[in-house]
Amino acid sequence: MGGVPDPQRYVLTFGCPDRTGIIARISGFLAEHGGMIVEAAYHTDPDTGWFFTRQVVRADSLPFDAAGLRERFGAVAAELSAESSWAVRDTGERPRAVVLVSKAGHCLYDLLGRVASGELDVDVAAVIGNHTSLADITRAHGIPFHHVPFPAGDPEGKTQAFAQVRKLVDEHHPDAVVLARFMQVLPAELCAEWAGRAINIHHSFLPSFAGAKPYHQAHTRGVKLVGATCHYVTADLDAGPIIEQDVIRVDHGDSVEDMVRKGRDIEKVTLARGLRWHLEGRVLVHGNRTVVF
């Protein structure tokens, strides 16, 4: 016997300069329209003087839809100097993602399995790869796979390849662009266009073990922890706002292959968590820092 589905909700995320009365103004606005708040979180960053909140409201308690909430709340956001630092997500609309891959399949396999089991509620609209290694598993899940080759040593060809990737991604209007071990560096213009939507996963040895074969470098140094970082993509390589990090222990008995295997395990979990939190509107970005509710 299946469970009762969660009622439709609107997720309001908001950031503004801190001052007295912000919570009262937001909750007062919602109460004025009969909004029933079922979840609320707050944080003030003393270093930047910025206030953050995430409010979840039952959709059936309001006399208007999500578009109506956005329209009416805009005046409150302007009053509190929120500028563009606010959003309303409708849980009744399933979010969309496009996944970019190369040859390594562990993150893609994991994400597709979580989606297929219903653990991760997202519509993977397409997978785009610069190799064909992951085409079969993608299509086995009923998802279109697009092969966009990136010619080595051909800057003009790479520019054209990124233009094709951009076109394929943008036609789906995704809520997330997931770089699941996509071994190409996004150009600055794509980082800007997909800001706050492009999510990357990498080993967390940076900057200590930058460059090729990080697990080999870590093995040589005898490290005791390996890990992974899930972050938003910016033009500064692997330096965007961090969504989630995690580690796993290794020891002197682990071979390079053991460390690679353990590293892949933690990459999968960290990416899945980061993507889930992003899609649920739990990640608020201010500068190069994040608040995760």
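Predicted model: local features only at pLDDT ≥ 70, side-chain atom pairs only at ≥ 80, totals over all residues.
Me: How many disulfides does a search of the whole structure find, and how far is the sulfur of Cys230 from the closest cysteine sulfur?
Reply: Cys230 is buried, as its relative accessibility is 0%. Its closest cysteine sulfur is in Cys107, and the separation of 9.4 Å is too far for a bond. Across the whole structure, the number of disulfides found is zero.

Me: Where does Leu186 lie, and which residues does Leu186 touch?
Reply: Leu186 is placed in the loop between β8 (176–179) and α6 (188–193). With a relative accessibility of 7%, Leu186 counts as buried. Leaving aside residues up to four places away in sequence, the residues that Leu186 touches are Phe162, Leu179, Cys191, Trp194, Ala198 and Val233.

Me: What separates the C-alpha atoms of Leu186 and Phe162?
Reply: Phe162 is among the residues touched by Leu186. The two are 24 residues apart along the chain, and their C-alpha atoms are separated by 7.9 Å.

Me: What is the phi of Arg181, and where is Arg181 found?
Reply: Most residues other than glycine have a negative phi. Arg181 is not a glycine, yet its phi is positive, at about 65 degrees. Arg181 counts as buried at 16% relative accessibility, and its location is the loop between β8 and α6.

Me: Is Asp238 buried, partly exposed or exposed?
Reply: Asp238 is found in the loop between β10 (225–232) and β11 (242–249). Although not a glycine, Asp238 has a positive phi of about 55 degrees. Its relative accessible area is 30%, so Asp238 is partly exposed.

Me: How are helices α1 and α2 oriented to each other?
Reply: The axes of α1 (residues 22–32) and α2 (residues 66–79) come within 11 Å and cross at roughly 155 degrees. Angles over 145 degrees count as roughly antiparallel. The orientation of α1 and α2 is therefore roughly antiparallel.

Me: Which residues make the contact of α1 with α2, and how do they divide by class?
Reply: The crossing of α1 past α2 is right-handed. Arg25, Ile26, Phe29 and Leu30 of α1 meet Leu69, Arg72, Phe73, Val76 and Glu79 of α2. By class, these are six nonpolar, no polar and three charged residues.

Me: At what angle do the axes of α3 and α8 cross, and what does that make α3 relative to α8?
Reply: The axes of α3 (residues 106–116) and α8 (residues 256–279) come within 9 Å and cross at roughly 45 degrees. That angle makes α3, relative to α8, oblique.

Me: Which residues form the contact of α3 with α8, and how do they divide by class?
Reply: α3 passes α8 in a right-handed crossing. From α3 the contact uses His106, Cys107, Asp110, Leu111 and Arg114, and from α8 it uses Arg264, Glu267, Lys268, Val269, Leu271, Ala272 and Leu275. The division is six nonpolar, one polar and five charged.

Methods. Residues numbered from 1 in each chain as written. Heavy atoms only, no water. Axes fitted to C-alpha atoms, helices over the stretch in contact; angles between N-to-C directions. Helix = DSSP H or I, 4+ residues; strand = E, 2+ residues; numbered from the N terminus. Parallel < 35°, antiparallel > 145°, perpendicular 65-115°, else oblique. Left-handed = near helix turned anticlockwise from the far one by under 90°. Contact = heavy atoms within 4.5 Å. Nonpolar A, V, L, I, M, F, W, Y, C, P; charged D, E, K, R; others polar. Disulfide = S-S within 2.5 Å. Buried < 20%, exposed > 50% of the residue type's maximum accessible area, 1.4 Å probe, protein only.
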